[in-house]
Amino acid sequence: KRRQVVLFGGVTAPADAKGAQTFLNDTSIWESGKWRKAAEGGPRGRYAHGMVFDERAGAVVLYGGAAAHKGAPLSDMWQWDGAGWSEIKMTGPTPGNRYQPLMVYDVKHEKIVLYGGLADFKDDTWEWDGKQWIEVRP
């Protein structure tokens, strides 16, 4: 829609084996052949999250990820509208904590599809219709 690639977060490499890592929460945009920083803030710093462009909503949607190597994966959901992030407050059942989930947008059904994740080797499929998550394959 905006002819951009949106990059959020990541994690820095430590300077040495005992060094600390920083979990990033900045947003960068690739357009016209170059990167530009678009925002800082929004979701908690993380890596290994899922992101997809929701054509129906006109926004990039982010789900899950991890904010520490030994901590539990995250289960929050956010959207980027091209100017800033806002958290999506979910009600009802959710996919729960996810580390590296696969997310795609189903154009025909106008839904986000989320599959699996490496935390506990999830093998389930969920759909987001813009209001709630529905598990379609446990």
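The paragraphs below treat a sheet, a hairpin, the salt bridges and a loop residue in turn. The structure is a predicted model.

**Sheet and hairpin**

Strands of a sheet pair through backbone hydrogen bonds, in either a parallel or an antiparallel arrangement. In this model, four strands form an open sheet in the order 4-5-6-7, and their pairing is antiparallel. Strand 4 (50–54) and strand 7 (85–87) are the edge strands, each of which pairs on one side only. On average, neighbouring strands of this sheet are turned by 25 degrees against each other, with direction ignored.

Within the sheet, strand 4 and strand 5 (residues 59–63) are joined by five bridges in the antiparallel sense. In this region Phe53 stands opposite Val60, a residue of strand 5.

A further antiparallel pair consists of strand 10 and strand 11 (residues 133–137), with four bridges. Glu127 has Ile134, in strand 11, as its bridge partner. Strand 10 and strand 11 form a hairpin with four residues between them. In the turn of this hairpin, Gly130 has a positive phi of about 100 degrees.

**Salt bridges**

How many salt bridges does a search of the whole structure find? The search finds nine.

| Asp76 | Arg46 | 2.7 Å |

The side chains of Asp76 and Arg46 meet in a salt bridge. Asp76 lies in the loop between strand 5 and strand 6 (77–80) and Arg46 in the loop between strand 3 (34–40) and strand 4, so the pair ties together parts that are 30 residues apart in sequence. Asp76 has a relative accessible area of 16% and is therefore buried, the limit being under 20%. Arg46 is likewise buried, because its relative accessible area is 0%.

Is Lys89 buried or exposed? Lys89 counts as exposed because its relative accessibility is 64%, and the cut-off for that class is over 50%. Glu87 has a relative accessible area of 35% and is partly exposed.

Elsewhere, salt bridges that share partners join Asp26, Lys37 and Glu40 into one network.

**A loop residue: Leu118**

Leu118 is located in the loop between strand 9 (111–117) and strand 10 (122–128). Its relative accessibility of 42% is the reason why Leu118 counts as partly exposed. Which residues does Leu118 contact, leaving aside its neighbours within four places in sequence? These contacts are with Tyr99 and Gln100. Leu118 and Asp16 are 102 residues apart along the chain, and their C-alpha atoms are separated by 26 Å.

Definitions and conventions:
Residues are numbered from 1 along each chain as its sequence is written. This is a predicted model: local features need pLDDT of at least 70, side-chain atom pairs count only at pLDDT 80 or more; totals for chains, interfaces and linings use all residues. Side-chain values use heavy atoms; hydrogens and water are left out. Helices (H or I, at least four residues) and strands (E, at least two) are DSSP runs, numbered from the N terminus. Buried means under 20% relative accessible area, exposed over 50%, partly exposed in between (1.4 Å probe, protein chains only). Contact means heavy atoms within 4.5 Å. Two strands pair if DSSP finds at least two bridges between them. Axes are lines fitted to C-alpha atoms, for helices over the stretch in contact, and angles run from 0 to 180 degrees between N-to-C directions. A salt bridge is a side-chain nitrogen of Lys or Arg within 4 Å of a carboxyl oxygen of Asp or Glu.
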